[in-house]
Amino acid sequence: MYKTTEITSAEIASDNPVHQRLLFPYVEAAKLVSGNVLEIGCGWGRGLELLTKAADHYTGIDKNQELIASLGKAYPDATFVAANIPPLKGLADNTFDYIVTFQVIEHIENDDLFIKEAYRVLKPGGKLLLTTVNRTFSLTRNPWHVREYYADGLKSLITKYFPKIETRGIHGNEKVMTYYEQNKESVKKLTRFDIFNLQYRLPRRLLQVPYDLMNRLNRNRLLQADGLAAEINHTDYIISNDPAGSLDFFYVATK
(Lines give C-alpha, C1' and ligand atoms only; values in the text may rest on other atoms or scores of the structure.)
Protein backbone atom coordinates (compact mmCIF):
# COMPACT_ATOMS: atom_id res chain seq x y z
CA MET A 1 0.00 0.00 0.00
CA TYR A 2 1.32 3.42 -0.93
CA LYS A 3 1.66 5.49 2.19
CA THR A 4 0.35 9.03 1.86
CA THR A 5 0.40 10.16 5.47
CA GLU A 6 1.68 9.26 8.91
CA ILE A 7 -0.09 6.36 10.62
CA THR A 8 0.02 5.45 14.30
CA SER A 9 -0.83 1.82 14.92
CA ALA A 10 -2.98 0.41 17.72
CA GLU A 11 -1.04 -2.85 17.39
CA ILE A 12 2.55 -1.61 17.87
CA ALA A 13 3.45 -1.36 21.57
CA SER A 14 5.81 1.59 21.15
CA ASP A 15 3.03 3.58 19.43
CA ASN A 16 0.73 3.09 22.42
CA PRO A 17 1.05 6.57 24.06
CA VAL A 18 0.19 8.28 20.76
CA HIS A 19 -2.57 5.79 19.94
CA GLN A 20 -4.19 6.37 23.35
CA ARG A 21 -3.83 10.15 22.92
CA LEU A 22 -5.59 9.92 19.54
CA LEU A 23 -8.27 7.56 20.87
CA PHE A 24 -9.18 9.85 23.78
CA PRO A 25 -11.02 12.55 21.75
CA TYR A 26 -13.17 9.84 20.12
CA VAL A 27 -14.26 8.69 23.57
CA GLU A 28 -15.21 12.29 24.34
CA ALA A 29 -16.85 12.84 20.94
CA ALA A 30 -19.05 9.76 21.39
CA LYS A 31 -20.62 11.52 24.41
CA LEU A 32 -21.45 14.58 22.29
CA VAL A 33 -22.47 13.51 18.78
CA SER A 34 -25.82 12.28 17.49
CA GLY A 35 -27.86 12.34 14.32
CA ASN A 36 -26.07 12.59 11.00
CA VAL A 37 -22.30 12.55 11.61
CA LEU A 38 -19.49 13.20 9.14
CA GLU A 39 -15.89 12.32 9.91
CA ILE A 40 -13.35 14.11 7.73
CA GLY A 41 -10.14 12.08 7.59
CA CYS A 42 -11.35 8.81 9.13
CA GLY A 43 -8.08 7.02 8.34
CA TRP A 44 -8.09 3.34 9.26
CA GLY A 45 -11.06 3.86 11.56
CA ARG A 46 -9.61 4.39 15.05
CA GLY A 47 -12.87 5.88 16.34
CA LEU A 48 -15.38 4.17 14.08
CA GLU A 49 -16.74 1.73 16.64
CA LEU A 50 -17.50 4.62 18.99
CA LEU A 51 -18.88 7.07 16.43
CA THR A 52 -21.08 4.62 14.53
CA LYS A 53 -22.79 3.61 17.78
CA ALA A 54 -23.41 7.25 18.77
CA ALA A 55 -24.65 8.42 15.35
CA ASP A 56 -27.92 7.71 13.58
CA HIS A 57 -25.87 7.65 10.41
CA TYR A 58 -22.11 7.91 9.95
CA THR A 59 -20.27 9.12 6.85
CA GLY A 60 -16.47 8.84 6.66
CA ILE A 61 -14.30 10.56 4.08
CA ASP A 62 -10.59 9.95 3.46
CA LYS A 63 -8.18 10.11 0.54
CA ASN A 64 -6.87 6.55 1.01
CA GLN A 65 -9.01 4.44 -1.34
CA GLU A 66 -7.81 1.08 0.02
CA LEU A 67 -8.71 2.01 3.57
CA ILE A 68 -12.10 3.36 2.51
CA ALA A 69 -12.90 0.15 0.59
CA SER A 70 -11.91 -1.97 3.60
CA LEU A 71 -13.99 0.10 6.02
CA GLY A 72 -17.00 -0.10 3.72
CA LYS A 73 -16.93 -3.89 4.02
CA ALA A 74 -16.47 -3.79 7.79
CA TYR A 75 -19.24 -1.20 8.37
CA PRO A 76 -21.91 -1.82 5.71
CA ASP A 77 -24.48 0.46 7.40
CA ALA A 78 -22.15 3.47 7.17
CA THR A 79 -21.22 5.55 4.13
CA PHE A 80 -17.61 5.94 3.03
CA VAL A 81 -16.23 8.33 0.43
CA ALA A 82 -12.72 8.27 -1.05
CA ALA A 83 -11.72 11.81 -1.98
CA ASN A 84 -9.01 14.41 -1.66
CA ILE A 85 -10.19 17.27 0.50
CA PRO A 86 -11.04 20.12 0.47
CA PRO A 87 -13.53 20.75 -1.09
CA LEU A 88 -16.14 18.27 0.17
CA LYS A 89 -17.37 17.37 -3.31
CA GLY A 90 -20.73 15.67 -3.51
CA LEU A 91 -21.78 16.64 0.01
CA ALA A 92 -24.79 18.96 0.10
CA ASP A 93 -25.15 22.16 2.11
CA ASN A 94 -26.75 21.90 5.57
CA THR A 95 -26.53 18.09 5.76
CA PHE A 96 -24.74 17.07 8.97
CA ASP A 97 -25.48 17.55 12.65
CA TYR A 98 -21.85 16.99 13.63
CA ILE A 99 -18.48 16.93 11.92
CA VAL A 100 -15.59 15.13 13.60
CA THR A 101 -12.09 15.81 12.27
CA PHE A 102 -9.23 14.73 14.49
CA GLN A 103 -5.55 15.38 13.70
CA VAL A 104 -6.35 16.21 10.07
CA ILE A 105 -6.16 19.97 9.51
CA GLU A 106 -2.38 20.02 9.99
CA HIS A 107 -2.14 17.88 6.81
CA ILE A 108 -4.35 20.18 4.70
CA GLU A 109 -2.77 22.67 2.29
CA ASN A 110 -5.81 24.97 2.07
CA ASP A 111 -6.92 25.08 5.70
CA ASP A 112 -9.17 28.09 5.09
CA LEU A 113 -11.24 26.20 2.49
CA PHE A 114 -11.25 23.17 4.82
CA ILE A 115 -13.03 25.17 7.54
CA LYS A 116 -15.28 26.95 5.04
CA GLU A 117 -16.44 23.62 3.60
CA ALA A 118 -17.05 22.16 7.05
CA TYR A 119 -19.28 25.15 7.80
CA ARG A 120 -21.13 24.71 4.49
CA VAL A 121 -22.14 21.07 4.99
CA LEU A 122 -23.20 21.48 8.64
CA LYS A 123 -26.84 22.16 9.46
CA PRO A 124 -27.60 25.45 11.23
CA GLY A 125 -26.72 24.83 14.86
CA GLY A 126 -24.47 21.92 13.84
CA LYS A 127 -21.11 21.47 15.50
CA LEU A 128 -17.55 20.96 14.28
CA LEU A 129 -15.32 18.92 16.64
CA LEU A 130 -11.68 19.47 15.71
CA THR A 131 -8.37 18.43 17.24
CA THR A 132 -4.82 19.16 16.15
CA VAL A 133 -1.40 19.27 17.76
CA ASN A 134 -0.29 22.29 19.77
CA ARG A 135 2.86 23.60 18.11
CA THR A 136 4.17 24.67 21.53
CA PHE A 137 4.62 21.02 22.50
CA SER A 138 6.10 19.77 19.21
CA LEU A 139 9.57 18.31 19.77
CA THR A 140 10.79 18.56 16.20
CA ARG A 141 9.50 19.33 12.73
CA ASN A 142 6.99 16.75 11.55
CA PRO A 143 7.38 16.62 7.74
CA TRP A 144 3.95 15.02 7.37
CA HIS A 145 2.41 18.27 8.63
CA VAL A 146 1.87 21.20 6.28
CA ARG A 147 1.73 23.48 9.33
CA GLU A 148 1.05 23.40 13.05
CA TYR A 149 -0.94 25.93 15.08
CA TYR A 150 -0.81 27.97 18.24
CA ALA A 151 -4.05 28.31 20.21
CA ASP A 152 -5.01 31.81 19.08
CA GLY A 153 -4.12 31.22 15.44
CA LEU A 154 -6.37 28.17 15.21
CA LYS A 155 -9.20 30.04 16.94
CA SER A 156 -8.87 32.93 14.47
CA LEU A 157 -9.04 30.56 11.50
CA ILE A 158 -12.19 28.82 12.73
CA THR A 159 -14.03 31.96 13.86
CA LYS A 160 -13.58 33.43 10.40
CA TYR A 161 -16.57 31.23 9.50
CA PHE A 162 -18.07 29.94 12.76
CA PRO A 163 -19.77 32.47 15.06
CA LYS A 164 -19.30 30.43 18.24
CA ILE A 165 -16.37 28.36 19.50
CA GLU A 166 -15.41 26.50 22.67
CA THR A 167 -11.62 26.34 22.99
CA ARG A 168 -10.34 23.43 25.05
CA GLY A 169 -7.30 21.20 25.03
CA ILE A 170 -6.21 17.60 25.54
CA HIS A 171 -3.52 17.15 28.13
CA GLY A 172 -2.00 14.29 30.09
CA ASN A 173 -1.65 13.30 33.72
CA GLU A 174 1.69 12.82 35.48
CA LYS A 175 2.31 9.48 33.77
CA VAL A 176 1.76 10.98 30.31
CA MET A 177 3.88 14.03 30.98
CA THR A 178 6.72 11.90 32.38
CA TYR A 179 6.70 10.04 29.07
CA TYR A 180 6.59 13.36 27.21
CA GLU A 181 9.70 14.60 29.05
CA GLN A 182 11.51 11.33 28.35
CA ASN A 183 10.58 11.68 24.70
CA LYS A 184 11.76 15.29 24.68
CA GLU A 185 15.21 14.33 26.00
CA SER A 186 15.49 11.43 23.58
CA VAL A 187 14.59 13.60 20.59
CA LYS A 188 17.22 16.15 21.68
CA LYS A 189 19.87 13.43 21.54
CA LEU A 190 18.82 12.46 18.03
CA THR A 191 18.52 15.99 16.63
CA ARG A 192 21.84 17.24 18.06
CA PHE A 193 23.49 15.81 14.95
CA ASP A 194 21.43 18.15 12.73
CA ILE A 195 24.00 20.94 12.99
CA PHE A 196 22.80 22.59 9.77
CA ASN A 197 19.16 22.58 10.91
CA LEU A 198 18.18 20.58 7.83
CA GLN A 199 14.91 19.45 9.41
CA TYR A 200 13.59 22.97 8.82
CA ARG A 201 15.45 23.76 5.61
CA LEU A 202 14.76 20.71 3.43
CA PRO A 203 11.45 20.10 1.62
CA ARG A 204 8.93 18.09 3.64
CA ARG A 205 8.80 15.14 1.26
CA LEU A 206 12.54 14.53 1.49
CA LEU A 207 12.26 14.24 5.25
CA GLN A 208 9.25 11.94 5.58
CA VAL A 209 11.04 8.57 5.33
CA PRO A 210 14.00 9.57 7.55
CA TYR A 211 11.53 11.04 10.06
CA ASP A 212 9.52 7.81 10.21
CA LEU A 213 12.68 5.72 10.68
CA MET A 214 14.02 7.94 13.47
CA ASN A 215 10.58 8.15 15.07
CA ARG A 216 10.31 4.35 15.16
CA LEU A 217 13.82 4.05 16.59
CA ASN A 218 13.03 6.63 19.25
CA ARG A 219 9.70 5.07 20.28
CA ASN A 220 11.23 1.59 20.51
CA ARG A 221 14.07 2.94 22.62
CA LEU A 222 11.62 4.62 25.02
CA LEU A 223 9.53 1.46 25.35
CA GLN A 224 12.59 -0.64 26.16
CA ALA A 225 13.89 1.88 28.70
CA ASP A 226 11.23 1.40 31.38
CA GLY A 227 8.05 0.09 29.76
CA LEU A 228 6.11 3.27 30.60
CA ALA A 229 4.88 3.57 27.01
CA ALA A 230 2.92 0.33 27.34
CA GLU A 231 1.22 1.43 30.57
CA ILE A 232 -0.46 4.58 29.22
CA ASN A 233 -4.22 4.42 28.64
CA HIS A 234 -6.69 6.87 27.11
CA THR A 235 -7.94 7.50 30.65
CA ASP A 236 -4.57 9.15 31.37
CA TYR A 237 -5.62 12.05 29.11
CA ILE A 238 -7.98 14.83 30.15
CA ILE A 239 -9.98 17.70 28.65
CA SER A 240 -8.35 20.97 29.71
CA ASN A 241 -9.71 24.52 29.75
CA ASP A 242 -6.20 25.77 28.94
CA PRO A 243 -5.68 24.98 25.23
CA ALA A 244 -2.40 26.91 25.00
CA GLY A 245 -0.96 24.70 27.77
CA SER A 246 -2.23 21.42 26.32
CA LEU A 247 -0.64 18.79 24.08
CA ASP A 248 -3.50 19.06 21.55
CA PHE A 249 -6.34 21.46 20.90
CA PHE A 250 -9.95 20.28 21.19
CA TYR A 251 -12.16 22.97 19.66
CA VAL A 252 -15.93 22.76 19.25
CA ALA A 253 -17.40 25.31 16.82
CA THR A 254 -21.13 25.89 16.26
CA LYS A 255 -22.71 27.05 13.00
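1. Helices here are DSSP runs of H or I with at least four residues, numbered from the N terminus. By that rule Glu28 lies in helix α1. Buried means under 20% relative accessible area. Glu28 has 18% relative accessibility, so it counts as buried. Beyond its neighbours within four places in sequence, Glu28 is in contact with Ile239 and Phe250. Please keep in mind that this is a predicted model.

2. Now the overall make-up. The protein chain has nine helices and eight strands. It holds 255 residues, and 49% of them count as buried. Take the contacts with a separation of 6 or more: residues 24 or more positions apart account for 76% of them.

3. Next, the sheet. Eight strands form an open sheet, in the order β3-β2-β1-β4-β5-β8-β6-β7, with mixed pairing. At the edges are β3 (79-82) and β7 (237-240), each of which pairs on one side only. On average, neighbouring strands are turned by 20° against each other, direction ignored. As background, strands of a sheet pair through backbone hydrogen bonds, either parallel or antiparallel.

4. Asp248, Phe250, Val252 and Thr254 point one way from β8. Phe249, Tyr251 and Ala253 point the other way, and these are buried too.

5. What does β8 pair with? One partner is β5 (residues 122-133), in the antiparallel sense, over seven bridges. Another is β6 (residues 164-172), which is also joined to β8 by seven bridges and runs antiparallel to it. Val252 of β8 is the bridge partner of Leu129. Val252 is also the bridge partner of Glu166. Asp248 of β8 is the bridge partner of Ile170.

6. Two helices on the sheet are worth checking in the viewer. Helix α1 (residues 16-32) lies across β1, β4, β5, β6, β7 and β8, and it runs at about 55° to β7. Helix α5 packs on the sheet and touches β5, β6 and β8. The direction of α5 makes about 20° with that of β8.

7. On to aromatic pairs. There are six of them. The rings of Phe102 and Phe250 have centres 6.0 Å apart and planes at 45°, so this pair is tilted. Phe102 lies in strand β4 (residues 96-102) and Phe250 in strand β8, so the pair ties together parts that are 148 residues apart in sequence. Both Phe102 and Phe250 are buried. The rings of Phe249 and Tyr251 have centres 5.6 Å apart and planes at 40°, so that pair is tilted as well. Phe249 and Tyr251 are both buried. Ring pairs also link Tyr26, Phe102 and Phe250 into a cluster.

8. A charge sits over one ring. Lys255 lies over the face of Tyr119, at 4.7 Å from the ring centre.

9. Which residues of helix α4 (residues 111-121) are buried? They are Asp111, Phe114, Ile115, Glu117, Ala118 and Val121. Seen down the axis of α4, these buried residues fall within an arc of 160°, so they line one face of the helix. In general, an α-helix has 3.6 residues a turn, so residues three or four places apart point the same way. The cover over the buried residues of α4 includes β1 (36-40), β4, β5 and α5 (151-159).

10. Backbone points to check come last. Most residues other than glycine have a negative phi, and most peptide bonds are trans. The loop between β3 and β4 holds Pro86. The bond from Ile85 to Pro86 is cis, with omega near -10°. Pro87 lies in the loop between β3 and β4. A cis peptide bond joins Pro86 and Pro87, with omega about 0°.

11. Two residues have a positive phi to note. Asn94, in the loop between β3 and β4, has phi near 55°. Its relative accessibility is 41%, so Asn94 counts as partly exposed. Gln103 lies in the loop between β4 and α4. Its phi is about 55°, although Gln103 is not a glycine. Is Gln103 buried or exposed? At 15% relative accessibility, Gln103 counts as buried.

Notes. Residues numbered from 1 in each chain as written. Predicted model: local features only at pLDDT ≥ 70, side-chain atom pairs only at ≥ 80, totals over all residues. Heavy atoms only, no water. Buried < 20%, exposed > 50% of the residue type's maximum accessible area, 1.4 Å probe, protein only. Pairing = 2+ DSSP bridges. Phe/Tyr/Trp six-rings, centres within 6.5 Å; stacked < 30°, edge-to-face > 60°. Lys NZ or Arg CZ within 6 Å of the ring centre and 35° of its normal. Arc of directions from axis to C-beta. Contact = heavy atoms within 4.5 Å. Axes fitted to C-alpha atoms, helices over the stretch in contact; angles between N-to-C directions.
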